[in-house]
Amino acid sequence: MDCIDIRQIGTHLNKEVCLKGWVYNLRSSGQIFFLQLRDGTGTIQAVANKAEMAEGGFERCSKVTQESSVKLTGKVVSEKRSPSGFELHVNDITIIHRAEEYPIAKKEHGIEFLLDNRHLWIRSSKQAAILIIRDQVIWSMRSFFREKGFILTDTPILTPTSCEGTTTLFSTDYFGQTAYLAQSGQLYLEALAASLGKVYDFGPTFRAEKSKTRRHLMEFWMLDAEAAFMEHEESLKLQEELICRIAGDVVRNCEKELTILGRPLEPLKNITAPFPRLTYDEAVEWLMKNGSDIKSGDDLGADDETLLSNHHKKPVFITNFPTAIKAFYMKPLPDNPERVLCADLLAPEGYGEIIGGSQRIDDLALLKKRFVEQKLPVEPFEWYLDLRRYGSFPHSGFGVGLERVVTWMCKLDHVREAIPFPRLLNRLKP
Ligand code: 4AD
Ligand code: MG
């Protein structure tokens with residue numbers, strides 16, 4: 001008999017099936033064993049009754065331990081009390097591997113212990129639910145961009161320069177030269193936009209963030225989007241549409257996972273365009289009145305983002321930051337060189353920044369001036385300046401932090417659970 005996935009169980013009512021998976025919980029009561037089986041596609045309760053089992057089957061059940069891998073054969077019956085509506089009445093069991101005593105017990109464990117055992121912790125129902133939602137967010141983004149006519153293309157990870165400032169670079173030896181791990185694919189994507197028009201990349205990015213926060217990973221996945229001839233305003237509209245699409249898909253397709261996580265659906269159902277907007281100057285004024293010690297000209301701190309983000313039910317754009325605190329490539333406002341055409345999108349419910357984007361400088365002379373002001377070496381960026389020498393074009397783009405979005409969708413306390421194997425300030429293992 002071929003085995004089926006647990007998710008297919010509903011189409012096999014009153015039939016004999018075979019299932020393979022892991023026993024995540026078990027108890028016995030006299031002549032009956034209750035085994036909770038999971039296989040990644042679902043979970044089911046299997047009932048092994050001594051009287052109904054093949055020769056030796058019941059004795060084998062008594063040897064099963066938590067997380068043993070097993071093959072079960074039996075009949076699918078309907079069972080209203082079970083969450084799936086079904087139960088398996090087992091007639092035989094094969095122990096594929098009898099697990100040693102499993103380190104993650106049902107009792108509460110501390111976070112460091114769970115992170116040390118991340119390779120096992122990901123088997124738990126909550127962690128698996130988060131990873132399923134992560135998959136949904138990725139597919140929503142990919143489908144969205146494909147439908148909008150964007151081409152998926154790839155940017156390098158080993159690079160000779162920085163994209164987002166030099167303070168968070170990871171470096172490595174590249175045959176005697178220094179190579180840096182990419183902080184964002186943006187600069188290369190700008191070159192690709194001049195070839196393909198509308199483009200996006202999606203891959204791991206790296207930042208040596210020396211601070212320990214709930215929002216920072218050293219290795220995280222970013223989707224950068226860039227479009228030729230797209231002005232700042234159009235870029236904001238695209239970001240709005242993207243976020244509405246993600247939230248809508250997650251609510252529609254991941255209700256089971258959101259329920260496992262205890263994540264209320266209502267706040268996600270409220271995510272509709274348009275999103276509120278505040279300029280940086282308006283945001284600073286509001287923050288000063290609402291308990292922040294921010295001064296005009298400062299970047300928003302994590303606490304400032306939390307204040308703004310808690311105050312709104314929808315994501316909120318903070319636009320037009322001071323030129324002095326933003327990256328070299330951002331285009332100034334036509335009527336105010338002290339402010340740039342940029343936006344950070346802050347998620348609601350206290351989550352803070354999920355997207356950073358801007359219109360890019362398309363004037364060669366101005367870009368060169370920025371290199372001098374920001375004390376960046378010009379030589380490694382000559383190729384980037386070429387984009388302003390050969391058919392320069394107005395263009396804008398943005399970067400979405402996957403784990404930040406997943407953390408918000410799942411309403412997690414910390415970004416470390418939104419990636420299978422988090423890389424944190426004090427953690428490179430497992
Ligand atoms: O705002 P950032 O730094 O923007 C850029 O890198 C641009 N070059 C993107 C572009 O215009 N193509 O990063 C983009 C997003 C942030 O909004 C945040 O969601 C996420 O990446 N991010 C991080 N996520 C987790 N851990 C970190 N250390 C992150 N740093 C940024
Ligand atoms: Mg940013």
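**View 1. Lys411, partly exposed at 39% relative accessibility, in a salt bridge with Glu349 in this predicted model.** The N to O distance between the two side chains is 3.8 Å, and the pair links distant parts of the chain, with Lys411 in the segment after α13 (402-410) and Glu349 in the loop between β16 and β17 (352-359), 62 residues apart. Glu349 is likewise partly exposed, its relative accessible area being 22%.

**View 2. The open sheet of eight strands, with mixed pairing.** The strands follow the order β6-β10-β11-β18-β17-β16-β13-β12, and the edge strands, β6 (151-152) and β12 (277-279), each pair on one side only. Helix α5 (residues 186-196) packs on this sheet, where it touches β6, β10 (198-206), β11 (219-228) and β18 (395-401), and its direction makes about 35° with that of β11.

**View 3. Antiparallel pairing of strands β13 and β16.** Four bridges join β13 (residues 316-319) to β16 (residues 342-347), and Val316 stands opposite Leu346 of β16.

View 4. Asp249 is buried, with a relative accessible area of 9%, whereas Arg252 is exposed at 58% relative accessibility.

**View 5. The salt bridge between the side chains of Glu382 and Arg389.** The N to O distance is 3.0 Å, and the partners are both partly exposed, Glu382 at 30% relative accessibility and Arg389 with a relative accessible area of 31%. Elsewhere, salt bridges that share partners join Glu147, Arg245, Asp249 and Arg252 into one network.

Note on methods
Residues are numbered from 1 along each chain as its sequence is written. Chains are lettered from A and ligands numbered from 1 in the order in which they are written. This is a predicted model: local features need pLDDT of at least 70, side-chain atom pairs count only at pLDDT 80 or more; totals for chains, interfaces and linings use all residues. Side-chain values use heavy atoms; hydrogens and water are left out. Two strands pair if DSSP finds at least two bridges between them. Helices (H or I, at least four residues) and strands (E, at least two) are DSSP runs, numbered from the N terminus. Contact means heavy atoms within 4.5 Å. Axes are lines fitted to C-alpha atoms, for helices over the stretch in contact, and angles run from 0 to 180 degrees between N-to-C directions. Buried means under 20% relative accessible area, exposed over 50%, partly exposed in between (1.4 Å probe, protein chains only). A salt bridge is a side-chain nitrogen of Lys or Arg within 4 Å of a carboxyl oxygen of Asp or Glu.
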